[in-house]
Amino acid sequence: MTYRTRSELEATSSGTWLRLASEGDASDVPRGFLVTRALSPDVTARSLRAVSEIVGSRFYVPPAMLARILREADPVATVSPGAVRFEGFSACCSAYIRLDLGDDALDVAEHRNGTTNVDFGPELRAALARVRRDSTLDITIGEDSVGISHESAAVVERKVPLPLRWIRGFGEVQVHLVRMRRTANVPRIAAHRFLRAQPRSKTDHLQWITVTASGLRTSARQSDGAVPLRGGHRLRVLEPLMPFADEMEIWIDDATGSTAWVLVLGAQRLTLVLNAEPWRGFSGDGGLLSDLAGADESDVAALRAQFHWQDRLVPAELAEATGLAADTLDRALARAAAEGLVGFDLATGAYFHRVLPFRLDRMERLNPRLKAARALVEAGAVELGTDSAKVTSDGVVHELRLSGDALSCTCPWHAKHKTARGPCKHALAVDMAMEAGRDGR
């Protein structure tokens, strides 16, 4: 890797700035992506510590994998026109966290759109722990580094490889977010009381959360409008931030039972998304597979051409610019999410553009069901009927029928998971074959 300039310390009237070199692109500005100062340093520092705590947590991982996985705790930092975002997953990929810093949260000295991922190590966490309300917290984001500095510490964290399971997880979690509906806006005191009551140690206990006039009530029994929560210990990371919060929003994806817990912190928002079970990683959900199988590359290319680091992508505007029908646009957006090109923001109810730092050609290799389905189609193993289909796989003929909006299959995978973890490879193969028939291929 080559750099057009050196990293350097520069003394200014407002303090010392650490400027990080970046590799840049065709429109290169020979500096880092961002040089900024936090306007609420204690809140930003605590929020970044929450991000660090989640990516360093293991809610469920086989012990033999622990050391390797914890070495891969590296949040992604994105600088876009209207926000700076830090996002990442727990070690088990069952919890996703994102900190959104709006324009009013930062005093920006230099800005250029870009994304990087770095290791949030113990030195950075220790430095963030020493930030006070009257501290001066400076943040820099470069092509391969993130730096923070204040009056008693200065730390630079370097870029590390993005974990492969995170690559799938970043796309899958957007599927959950798109489907979510808000169930409650909880005042700070009531939310704080609820979070303090959550267990500190690991638990798989299922509780049902109901909003009442006095706050949040938990029950072991389901009731109308109640939100399911299993593994409530994962919420404890939010508790230290409650004194700074305006309120807490609760969102749910009815299809999967996943939930989002959003702290509104003035010009900052901290979003924690929990999969329905602590042992279930977003990376294995398979919610994108049908869209990946049905998305046409020319449609996706037309959509990619409209991406310019927007903080809010409006479907109507994208449809007009690309000429894509609504369902085709949805598939193309799902493909873009799998490629790390878009995330979804609950606050705006819209996608935003960002470019995650991984190679797009890895996508199919990271989705073995998709690869296996494509091989079945190419081998001529799919036989389409009027309202059913047959797929021959490993010498066994599997029968598929349309059930609601999804295909049911006679294979063991479908018997075990139904559609909770995406379609089986045989259903994907049928989708591909039907799409090829419509296209005349």
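**Burial, sheet architecture and aromatic contacts in the predicted model**

Ser-149 counts as buried, since its relative accessibility is 16% and the limit for burial is under 20%. This residue belongs to strand 10, which covers residues 145–150. Leaving aside residues up to four places away in sequence, the contacts of Ser-149 are with Thr-136, Leu-137, Asp-138 and Ala-154.

The structure is a predicted model. Its mean pLDDT is 83, and 83% of the residues reach 70 or more. For residues 1–7, where pLDDT stays under 50, the model has 17 contacts beyond four places in sequence. For residues 16–31, also under 50, the corresponding number is 63 contacts. The protein contains 12 helices and 24 strands. Of its 441 residues, 54% count as buried. Among contacts between residues at least 6 apart in sequence, 67% join residues at least 24 apart.

Eight strands form an open sheet in the order 8-4-5-6-18-17-16-12, and the pairing is antiparallel. Strand 8 and strand 12 (181–187) are the edge strands, each pairing on one side only. From one strand to the next, the twist averages 15°. Helix 4 packs on this sheet and touches strand 4 (76–79), strand 5, strand 6, strand 12, strand 16 and strand 18 (268–274). The direction of helix 4 makes about 110° with that of strand 5. Helix 5 (residues 188–196) lies across strand 12, strand 16 and strand 17, and runs at about 100° to strand 12.

Within the sheet, strand 16 (residues 247–252) and strand 17 (residues 259–265) are joined by six bridges in the antiparallel sense. Opposite Trp-251 stands Ala-260 of strand 17. Strand 17 in turn pairs with strand 18 over seven bridges, again in the antiparallel sense. Leu-265 has Gln-268 of strand 18 as its bridge partner. Strands 17 and 18 form a hairpin with two residues between them, and Gly-266 in the turn has a positive phi of about 65°.

Strand 18 also pairs with strand 6: seven bridges join the two, which run antiparallel. Here the bridge partner of Tyr-96 in strand 18 is Val-273. Strand 18 is mostly covered, with seven of its seven residues buried. Gln-268, Leu-270, Leu-272 and Leu-274 point one way from the strand, whereas Arg-269, Thr-271 and Val-273 point the other way. The residues on both sides are buried.

Tyr-96 is buried, with a relative accessible area of 0%, and Phe-170 is buried at 1% relative accessibility. Tyr-96 and Phe-170 belong to one aromatic cluster, together with Phe-89 and Phe-282.

A further ring contact involves a charged side chain. Arg-85 lies over the face of Phe-352, at 3.7 Å from the ring centre.

Note on methods
Residues numbered from 1 in each chain as written. Predicted model: local features only at pLDDT ≥ 70, side-chain atom pairs only at ≥ 80, totals over all residues. Heavy atoms only, no water. Buried < 20%, exposed > 50% of the residue type's maximum accessible area, 1.4 Å probe, protein only. Phe/Tyr/Trp six-rings, centres within 6.5 Å; stacked < 30°, edge-to-face > 60°. Lys NZ or Arg CZ within 6 Å of the ring centre and 35° of its normal. pLDDT = per-residue confidence, 0-100. Contact = heavy atoms within 4.5 Å. Pairing = 2+ DSSP bridges. Helix = DSSP H or I, 4+ residues; strand = E, 2+ residues; numbered from the N terminus. Axes fitted to C-alpha atoms, helices over the stretch in contact; angles between N-to-C directions.
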